[in-house]
Amino acid sequence: MKIVMVLHNDIEALIDTGSDLTLMYKDEYERIGSPPLRPTEVRFTGVGSPAHTALGEFQTEVTIDGHRFPILIRVAADAIFRQRLLIGTDFLELRNFHAKKGTIYIDPDDETEDLPEMLQINVLDEENAAKVDLSHTRDEDAKRQIATWIEDYRPDKTAETTVSMRLVLKDNEAVYQKARRLAANERDIVNAQIEEWKSQGIVRPSSSDYASPVVLFKKRDGTHRLCVDYRLLNKKIVRDRYPLPLIEDQLDRLQDTKIFSTLDLKNGFFHMPVEAESVKYTAFIVPDGQFEFLRVPFGLCNSPSVFQRYVNAIFRDAIRDGTVLTYMDDLIVLSNNYEDGLDRLRMVFETASKAGLNINWKKCCFLKRRVEFLGHIIEDGTVRPSERKTEAVKRFAEPKNIRQVQAFLGLTGYFGKFIADYSRIARPLSNLLRADAKFNFDAVEREAFELLKMHLSQQPVLNLYQMGAETELHTDASKYGYGAILLQRNGDDGLLHPVYFASGKTTSAEERYSSYELEVLAIIRALRRFRVYLLGIHFKIVTDCKAFTMTIGKKDLCVRLARWALLLVEFQYSIEHRPGRSMKHVDALSRNPLPACLTIDESEEGLTARLRKAQRDDDELKKKIEQAKEGKLDGYTMQRGLLYKVNDETRVVVPRSMQLQIIRKAHERGHFAINKTETLIQNDYWIPELRLKTEKVIRNCIPCILAERQQGKQQGFLNPIEKGSVPLDTFHVDYLGPLPSTKKSYAHILVVVDAFAKFVWLYGTKFTTSAEVISRLRKQSFILGLLVGISSTTPRAGLES
């Protein structure tokens with residue numbers, strides 16, 4: 001807590017490095033005079049609370065420790081937090097602040113500058129990849145109405161459907177496995193989760209002949225998820241053949257629509273009951289007992305199909321009249337104008353609330369004229385493939401050496417049969433591979449490089465997805481990243497054509513995975529990326545990892561592999577091994593992955609938007625951006641509206657206003673030391689004087705400061721020692737030495753000081769033992785009398801020996 005001054009009013013403020021925003025109580029805002037508010041759509045969430053909308057914002061000055069700083073304050077309702085003023089990282093990250101003995105000190109600014117408005121990770125706004133993006137909606141009344149509906153939304157579950165899960169097994173032989181051993185803390189977490197499920201009516205104690213073990217894995221936010229390993233049971237279950245909607249039919253119905261709203265449903269399997277005769281099959285076992293599910297669990301191969309049937313049953317009327325289209329957990333609400341769009345949204349919200357559906361607001365969009373759905377862009381009555389399909393190819397970095405040229409030609413050569421005059425186009429690049437050729441990547445080579453990327457990104461090479469066509473997923477991985485290509489056999493020429501390219505960087509932790517784990521990771525990442533295309537069909541996974549099939553079927557797997565194995569159960573696939581020399585097309589993507597901040601369908605899109613806006617607002621970078629667009633700035637390039645620094649690698653240039661934020665986010669991934677934090681940042685970003693700035697962030701990291709505090713018995717505070725009321729009452733004793741030995745072998749001096757009179761006695765001693773001290777003090781007491789107390793400041797005085 002710190003006393004600060006705003007508009008000549010003293011306020012007790014909380015300096016909170018865990019808050020992205022600076023917020024003020026509504027009544028405190030009124031107390032300081034109610035300065036004019038600017039309207040804002042900024043929304044924020046707190047721990048254990050729903051999203052809230054700021055009432056407005058105002059720019060002012062705050063005085064801290066006698067220094068004045070510009071500050072942007074958002075005004076919030078009274079009941080959200082306890083403090084009257086919460087100063088967050090949107091203010092702190094632009095200042096030099098230090099923590100010492102529980103007190104925050106903020107250095108004065110060298111010069112006053114305006115605060116950038118949108119740099120907060122959790123803020124919900126246009127440039128921020130908001131939880132609710134309404135920036136494209138021109139109608140202010142519609143914005144406010146939707147925001148109100150979202151804030152008031154509650155999954156009440158007042159209506160039931162007839163959909164339930166019925167499991168049919170291929171034989172009657174029970175699947176029973178022993179409970180897996182758990183550590184003591186894991187056992188507590190598992191038991192707590194089961195008790196919570198019991199209280200909610202999700203599980204009950206079981207005596208079934210069936211039993212599957214559990215897997216406990218840790219999520220990124222530090223919490224744990226309990227899953228059941230149903231792999232053996234899934235082999236016996238007859239698959240639910242509930243048909244998924246045809247993508248082509250869904251896209252045809254979108255072409256006459258002008259306004260779109262998309263909703264993303266969380267996999268609320270627990271909303272659906274398991275039929276009584278099937279409950280016994282869901283039994284799972286833990287060290288402390290056996291239980292069975294009354295609600296549909298995650299991990300059963302039929303859970304997604306039942307969930308699709310459940311969603312379709314809920315929105316049956318809306319689907320029939322063309323208001324809503326569903327595809328798994330994706331909903332799209334169709335309308336031709338804003339008024340109709342609002343009415344239909346209200347109806348969908350009411351239906352979802354009655355059914356108890358949870359909505360992932362972060363992935364929702366409302367009343368948009370351009371929307372991406374099922375890998376296609378729909379706008380103004382036209383449907384075209386998403387540019388994301390070819391992003392991994394379009395962003396393939398310009399080769400810097402012979403090996404990178406070989407990798408690129410491996411990718412293009414695999415699809416060379418679809419490119420007219422491929423050999424002629426690729427000749428400038430293939431000439432670089434000659435033994436006597438000198439590597440020189442000039443205009444001719446660059447033209448061939450760009451032309452081949454263009455051919456890979458359009459027909460006849462790239463095809464649209466066709467339901468029912470033979471489908472293959474090709475994957476590969478390296479320590480640098482993973483690559484994946486989704487291919488389908490074309491009905492006209494009978495050849496496999498790419499449908500989607502994808503790649504991504506590995507994190508610093510993933511770089512240390514074994515080669516086998518990296519290959520499995522590539523498959524898992526690809527399945528997540530292409531889930532909408534692969535769910536409900538049989539397809540082939542082609543990989544150069546020979547051990548994948550044998551290992552993934554083992555009973556006892558480490559937690560990481562067990563978690564991945566559970567993600568595979570909802571797919572119907574076969575595995576084909578091919579040697580690495582036949583996988584050059586995906587090997588090239590795995591060794592030239594997209595930067596982590598720009599990977600497709602990751603949650604970093606908001607960060608990209610903030611970087612783009614902050615670069616435009618940075619006076620120094622504005623000039624470089626213009627020069628880079630005209631090709632007049634060496635060492636820099638423009639890609640996707642972002643300025644990149646080009647040296648050995650291509651990295652995003654981080655504007656000054658976001659540098660501390662990027663460093664802090666990288667450091668907080670594991671509160672790493674300086675070297676590791678710096679390495680993480682250098683994978684994707686370019687920041688001048690990175691070392692110094694990283695040191696400053698880590699030096700002022702509150703969790704690190706607290707973690708490095710001495711454990712166990714703490715050092716005590718220094719306190720004055722009572723000197724007594726008369727002389728010869730209390731003596732202070734200590735030793736001086738060792739010193740050069742005298743003729744009598746004295747090597748130390750025993751110092752005795754009277755606490756009251758400060759009179760000093762000095763005695764030569766041979767040793768520093770208790771016996772020496774007691775002997776000298778006893779002789780002194782014969783002359784001066786007995787003492788009340790003796791004080792020693794260190795153990796060296798021999799009193800503790």
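How many bridges join strand β13 to β14, and in which sense do the two strands run? The legends below, which describe close-up views of a predicted model, begin with the answer.

**View 1. Strands β13 and β14, joined by five bridges, run antiparallel.**

**View 2. Strand β20, residues 364-368, is mostly covered, with four of its five residues buried.** Strand β20 pairs in the antiparallel sense with strand β15 (residues 259-264), and two bridges hold this pairing in the model. Here T262 stands opposite C365 in β20. Another residue of strand β20 is L367, which has a positive phi of about 50 degrees although it is not a glycine. As background to that angle, most residues other than glycine have a negative phi. L367 counts as buried because its relative accessibility is 0%, which is under the limit of 20%.

View 3. C364 is in no disulfide, and the nearest cysteine sulfur to its own, that of C365, is 7.5 Å away. C365 is likewise in no disulfide, its nearest cysteine sulfur being that of C364, at 7.5 Å. A pair of sulfur atoms has to lie within 2.5 Å to be counted as a disulfide. C364 is also buried, because its relative accessible area is 2%, again under the limit of 20%.

**View 4. Helices α21 and α22 cross at roughly 115 degrees, and their axes come within 9 Å.** Helix α21 is made of residues 656-667 and helix α22 of residues 674-682, and the crossing of the two is right-handed. On the side of α21 the contact is made by I663, A666 and H667, and on the side of α22 by T677, L680 and I681. By class, four of the residues in this contact are nonpolar and two are polar, with no charged residues taking part.

**View 5. A cis peptide bond joins G737 and P738, with omega at about 5 degrees.** P738 is found in the loop between β33 (730-736) and β34 (748-754). For background, most peptide bonds are trans.

**View 6. S34 lies in the loop between α1 (26-31) and β4 (43-44).** Phi of S34 is near 50 degrees, which is a positive value in a residue other than glycine. S34 is partly exposed because its relative accessible area is 35%, a value that falls between the limits of 20% and 50%.

Conventions
Residues are numbered from 1 along each chain as its sequence is written. This is a predicted model: local features need pLDDT of at least 70, side-chain atom pairs count only at pLDDT 80 or more; totals for chains, interfaces and linings use all residues. Side-chain values use heavy atoms; hydrogens and water are left out. Buried means under 20% relative accessible area, exposed over 50%, partly exposed in between (1.4 Å probe, protein chains only). Two strands pair if DSSP finds at least two bridges between them. Axes are lines fitted to C-alpha atoms, for helices over the stretch in contact, and angles run from 0 to 180 degrees between N-to-C directions. A crossing is left-handed if the near helix is turned anticlockwise from the far one by less than a right angle, and right-handed if clockwise. Contact means heavy atoms within 4.5 Å. Ala, Val, Leu, Ile, Met, Phe, Trp, Tyr, Cys and Pro count as nonpolar, Asp, Glu, Lys and Arg as charged, and the others, Gly among them, as polar.
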